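Thanks for coming. I will go through one model this morning, chain by chain, and then turn to where the chains meet.

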Amino acid sequence: MVTVNLDKPPGRKALHGVSPGATAAVSNGKAFSQLTIWLLAIRDQRDRAAFGALFDHLAPRLKGFVMRSGASSALAEEIVQDVMLTIWRKASQFDPHKAQASAWIYQIARNRHIDIVRKEHRPVPDELSADPGLEPDASQILGLEQEAEQLKLAIQQLQPDQKEMIEKAYIGQLTHQEISSQTGLPLGTVKSRIRLGLGRLRKELKGLR
Amino acid sequence: MPAITHHIPDAMIAAYAAGSLPHAFAMVVASHLSYCRDCQAALGAHQSAGGALLEAAHSEELSPGMKASVMAILDKPPTPEPVYDAKGIYPGPVMQALKGGAPRWRTLGMGVKQNILYEGDGGSARLLYIPAGQAVPDHTHNGLELTLVLQGSFSDETGRFGVGDVEIGDEDLEHTPVADAGDPCICLAATDAPLRFSALMPRLLQPLFRI
């Protein structure tokens, strides 16, 4: 049984025995996603092998994602390199209770893309203190990850044109007016935690099909 | 944390996550998010959608040697970047625009003051200082305007706005915000076009004050 450090970053207890390809299990037998396992190993152990495995998995997808926004191959690689370095340097800020691994990486990718292209620092919000109603535990992480998994499935099942429009919105090719008028994207009434928000997004995405 | 009743529209949070908002608006959105757990949750949901799309993206082949060159510089110390934390009434994104310093107010008359934080192609952002009981000159909007309260509160035809609340103004909104009794009202305001004042005099003064 592998134990996983669930402290807030920077973790005090080490993550034991997790190497790329390993599966971290928690008490109810469900597993964290591979991305999360790599990021935790990078965060807590500065694990270069985990970073290498993350690079192999992520960098080509990141390049494809960045190029969807019209970037040239050369610019995309510049951004990918910057994002990968940022992941290594800022891994201490990764907290799987707050954001899924892919969501955390997505925001880094968008921020670095904008900073590089516009040569200005994108304003980022202050961290809020922990929600008193949320006691960090593994089920919370798994809950977020399950929702993300279902969201991924929902997106895969969209019609190509719908998927394209949503993709455009999330790679920064639509203004906020276009997002609200064209995609009819969901979450307008999200007044709860990320988990609930995700659930609603998934439902709305289903409705789009 | 203040009780927030006026939020950022969801489509704008999505645009913020995607990075398609002009800089001045991104400053207001990031500042509001610094107060608002609900909107941070909405941002989290959009980031999740972005993350799912990223994971579903088609892979593109990397140039040979790219991985090796990244691995080689992992421990190279990064160029230090200044970090601006929230200070007093000002959230981090405002402190970033102030470069860590205090506002430098310029008077606009009647006790109203401003400090321009940013001007660019996509719009402008400023801090406004309005003494209690004082009205911001009656104006209509050329484009979109976001006003976030940082201290005190103001009221206009559409309601009351306290710390953390954001008012969204557009062409259709003709309003007269008045600072409520108490502390002077300090706001972060961003526009994508210059404001027009309805009264003649202020309009003549507009180029002077760059409002």
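When I say helix, I mean a DSSP run of H or I with at least four residues, and a strand is a run of E with at least two, both numbered from the N terminus. Counted that way, chain A has 8 helices and 0 strands. Please keep in mind that this is a predicted model.

Let me stay with chain A. Along the sequence its pattern reads α-α-α-α-α-α-α-α. Of its 209 residues, 43% are buried. For contacts between residues at least 6 apart in sequence, 59% in chain A link residues at least 24 apart.

Helix 1 of chain A has 12 residues, and 10 of them are buried, so to speak mostly covered. The buried ones run from Leu35(A), Thr36(A), Ile37(A) and Trp38(A) through Leu39(A), Leu40(A), Ala41(A) and Ile42(A) to Arg43(A) and Asp44(A). Note that a charged pair, Arg43(A) and Asp44(A), is on that list. The cover over these residues includes helix 2, helix 3, helix 4 and helix 5 of chain A. From first to last C-alpha, helix 1 of chain A reaches 16 Å, close to the expected 16 Å at 1.5 Å a residue. After helix 1 of chain A comes Arg46(A), with a positive phi near 50 degrees.

Next is helix 3 of chain A, residues 73-89. Its 17 residues should span 24 Å at 1.5 Å a residue, and the end C-alpha atoms are 24 Å apart, so the two values agree. Which residues of helix 3 of chain A are buried? They are Ala76(A), Glu77(A), Ile79(A), Val80(A), Gln81(A), Val83(A), Met84(A), Ile87(A) and Trp88(A). As a reminder on spacing, an α-helix has 3.6 residues a turn, so residues three or four places apart point the same way. The buried residues of helix 3 of chain A pack against helix 1, helix 2 and helix 4 of chain A, and also against helix 4 of chain B, residues 66-72.

That brings us to chain B. Chain B has 6 helices and 11 strands. Buried residues account for 46% of its 211 residues. Among its contacts between residues at least 6 apart in sequence, 67% join residues at least 24 apart.

In chain B there is an open sheet of 6 strands, antiparallel in its pairing, with the order 1-2-3-10-5-8. Strand 1 (106-109) and strand 8 (166-169) of chain B are at the edges with a single partner strand each, so one side of each has no neighbour in the sheet. On average, and ignoring direction, neighbouring strands of this sheet are turned by 25 degrees against each other. Within the sheet, strand 2 (residues 112-120) and strand 3 (residues 123-130) of chain B pair antiparallel over 7 bridges. Tyr118(B) has Ala125(B), in strand 3 of chain B, as its bridge partner.

Last, the contact between the chains. It takes 62 residues from chain A and 52 residues from chain B. On the chain B side, helix 1, helix 2, helix 3, helix 4 and helix 5 each supply at least two residues. Which helix gives the most to that side? Helix 3 of chain B does, with 16 residues. By class, the chain B side has 30 nonpolar, 15 polar and 7 charged residues.

Conventions:
Residues are numbered from 1 along each chain as its sequence is written. Chains are lettered from A and ligands numbered from 1 in the order in which they are written. This is a predicted model: local features need pLDDT of at least 70, side-chain atom pairs count only at pLDDT 80 or more; totals for chains, interfaces and linings use all residues. Two strands pair if DSSP finds at least two bridges between them. Axes are lines fitted to C-alpha atoms, for helices over the stretch in contact, and angles run from 0 to 180 degrees between N-to-C directions. The expected span of a helix is 1.5 Å times one less than its number of residues. A residue is buried if 20 or more other C-beta atoms lie within 10 Å of its own, exposed if 12 or fewer, and partly exposed in between; C-beta atoms are placed from the backbone. Two residues are in contact if their C-beta atoms, placed from the backbone, lie within 7 Å.
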